[in-house]
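Biologist: Before going further, please put the model on screen. I have some questions about its geometry and contacts.

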Amino acid sequence: MKTVNPPKKLDSLKPEKVIDLRQAICPHPLNVIRDTLRALRENDVLLAVSDHEPTALENAPRFCERRGYPFRTVEQEGVWNIFIQKVEDRDARLKVENVSKTFNSGDGKVSVLNDIDLTIRDGEFVTVVGSSGCGKSTLLNLIAGLDKPTSGRIFANGKRVEGPGSDRVVVFQEGALFPWLTVRENVEFGLKLRRVAPKIRKEMAQDYLKLVGLTENFHGSYVHQLSGGMKQRVALARALVMEPAILLMDEPFAALDIQTRESLQDELQRIWVESRKTIIFVTHNVEEAVILGDRVLVFAKNPGRIKSEHEIDIERPRQPGHPEVFLYTKWITDEIRENGEAVDEVQEAAV
Amino acid sequence: MKRKVILLTVFYLLLIGIWQGVAALGIWPPYLFPSPSGVFDSLLAGFQDNSFTIGILASMKRVLIGYFISVAGGLLIGLAIGRVKVLDETVGTIVLGFQALPSICWLPIALLWFGLSESAIILVVVLGSLFAVTIGVDAGVKNVPPIYLRAARTMGAHGIDLYMKVIIPAALPSIISGLKQGWSFAWRALMAGELLYVSIGLGHLLTMGRELNDISQIIAVMIIIIVIGITVDRLVFTKLENRVRERWGLLNA
Ligand SMILES: Nc1ncnc2c1ncn2[C@@H]1O[C@H](COP(=O)(O)OP(=O)(O)O)[C@@H](O)[C@H]1O
Ligand SMILES: [Mg+2]
């Protein structure tokens, strides 16, 4: 990872800001560190003091590595000091800047998204969770370029988003496969648009269908002959085969039964671990958000905004019912409940 | 299937038998009430002296030319009003209005424009079926689930690809219904037109039958018209419709 200003500054061990994570019970130090860093200026140094070993400290070093922040840990008599230098996010895949969206409805304007700011780094797996109607799909559509923001700007892969493009493919909840094409033809659809030669097209389709776990005897089937889970596997293959820099997923597993959903969650984690693709995954299910995401953005309603975000540092593959998954899920659900926001729905979904 | 075949065979044999019986009773003179055997003789004679074959070919040529013109036009207009709101609000109303007009009402204008010519009758056929095709295409295009378009666009489809690879295939079941209905309107329009003035053709054979007081020929020609209409409908359109519906997964829905 490149750093323009080498961590020389860390040698002086003179931080601009100190946070003491020993005080009280700090449930999620990573969130505190992230938010504090966000408020600092470029190249400022933050000192986080903890009485846990840094790895136990919610994996602060891993967090820094992931973001390319230079850091140093120093132990003094059982107290751990971690110095973190803030550097600019150089490898942002996606930048959403002050984006708002209003729709014209029958009786005037409805503000659906209000002042969204969001940076997603290359290879990050971000999940967006929130009750229905809070604007998650709207945000995803804006990123996909299927709709235009009322104000603000979106940059993806270093370019301003002006319209849809196959560098940002969307996997929809359901019913987006083309019924007049076979499974393989569906997967080849985008490649055909790119004028990929038939032979290569066929091979790629086969490879990606295999990757998502669809056995060969279904490749010639029509969409209506597949189960819900198989359809979503095909939809995933159809998106992945385009090799998009950013994969956008809008509640793709929401309509599936629990077993199928869990197996697809496993599959998606495996694919992400292998490919390190940048994924933005929208769901209304807190547990799903925790299982899949490195970072969970919690959306609030009226108008839609990012209310909080959570760093999830649990070993993969993560499974539902895993104690840590359970804790994070409970914690985020509680937080949503505290804010008195559409509790029922999120709560229900979290169960 | 087998039961149906037996049922239909028995029914039609019975019907013909009763018909023959009533004709044999001689209640009405044969020039008003022909016997089935008389009709059969007329059919045979008509094909033997080639007058029926020539008539069928002449009519088929007209209907095919007219029908293909209206399919091409109907696809274009249907796509346009299905996709462009302002065209739908304007041109769309004309389409609906003309669809309500029986096609033979176009004949006077057609005659004024083209005289007693092939073109006039083809115009009647075109205008008879164009609007049915247009409405089928329009309905299909309007009912394309928006998610297909969104999915295609995120995979990089735009412009003509969106029409050729998504909108038309997605609308195909409804387009085929429009084509089917358009065919039956074209066939009717042609017969009406041919009855009124054209020489050579099935309609003309009907007129000739009347002029010669040959009711057997009239019925023989009517049977031919029915058979052609049904054959095309069954062999072409119903088959196509079933295949498309099956592939689109609409049959077991
Ligand atoms: N095209 C539109 N026109 C008007 N209102 C819309 C439109 N699309 C979405 N909305 C409104 O925006 C809000 C957020 O919708 P959406 O982004 O689909 O929410 P979510 O995906 O979080 O359930 C909803 O209240 C919805 O009614
Ligand atoms: Mg949604």
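What follows is a set of questions and answers on this predicted model.

Modeller: Two conventions come before the answers: residues are numbered from 1 along each chain as its sequence is written, and chains are lettered from A and ligands numbered from 1 in the order in which they are written. Because the model is predicted, local features need pLDDT of at least 70 and side-chain atom pairs count only at pLDDT 80 or more, while totals for chains, interfaces and linings use all residues; side-chain values use heavy atoms, with hydrogens and water left out.

Biologist: How many helices and how many strands are there in chain B?

Modeller: Helices (H or I, at least four residues) and strands (E, at least two) are DSSP runs, numbered from the N terminus. From that end on, the elements of chain B run α-α-α-α-α-α-α-α-α-α. The C-alpha trace of chain B spans about 75 × 55 × 30 Å along its principal axes. The count for chain B is 10 helices and zero strands.

Biologist: At what angle do H3 and H6 of chain B pack?

Modeller: Axes are lines fitted to C-alpha atoms, for helices over the stretch in contact, and angles run from 0 to 180 degrees between N-to-C directions. H3(B) covers residues 51–83 and H6(B) residues 118–142, and their axes are 6 Å apart. The angle between H3(B) and H6(B) is about 35°.

Biologist: Which residues surround ligand 1, and which helix gives the most to its shell?

Modeller: A residue is near a molecule if one of its heavy atoms lies within 4 Å of it. Ligand 1 is surrounded by Phe103(A), Val112(A), Ser131(A), Ser132(A), Gly133(A), Cys134(A), Gly135(A), Lys136(A), Ser137(A) and Thr138(A). The helix that gives the most to this shell, with three residues, is H4 (residues 136–144) of chain A.

Biologist: How far is a polar side-chain atom of Thr138(A) from an oxygen atom of ligand 1?

Modeller: A polar contact is a pair of N or O atoms within 3.5 Å. For the side chain of Thr138(A), the distance to an oxygen atom of ligand 1 is 2.5 Å.

Biologist: In which loop does Pro303(A) lie?

Modeller: The peptide bond from Asn302(A) to Pro303(A) is cis, with omega near -10°. Another cis peptide bond joins Arg316(A) and Pro317(A), with omega about 0°, and Pro317(A) lies in the loop between S14 and helix H10 (323–338) of chain A. Pro303(A) lies in the loop of chain A between strand S13 (295–300) and S14.

Key
Polar contact = N/O pair within 3.5 Å; in protein donor to acceptor, adjacent residues only side chain to side chain.
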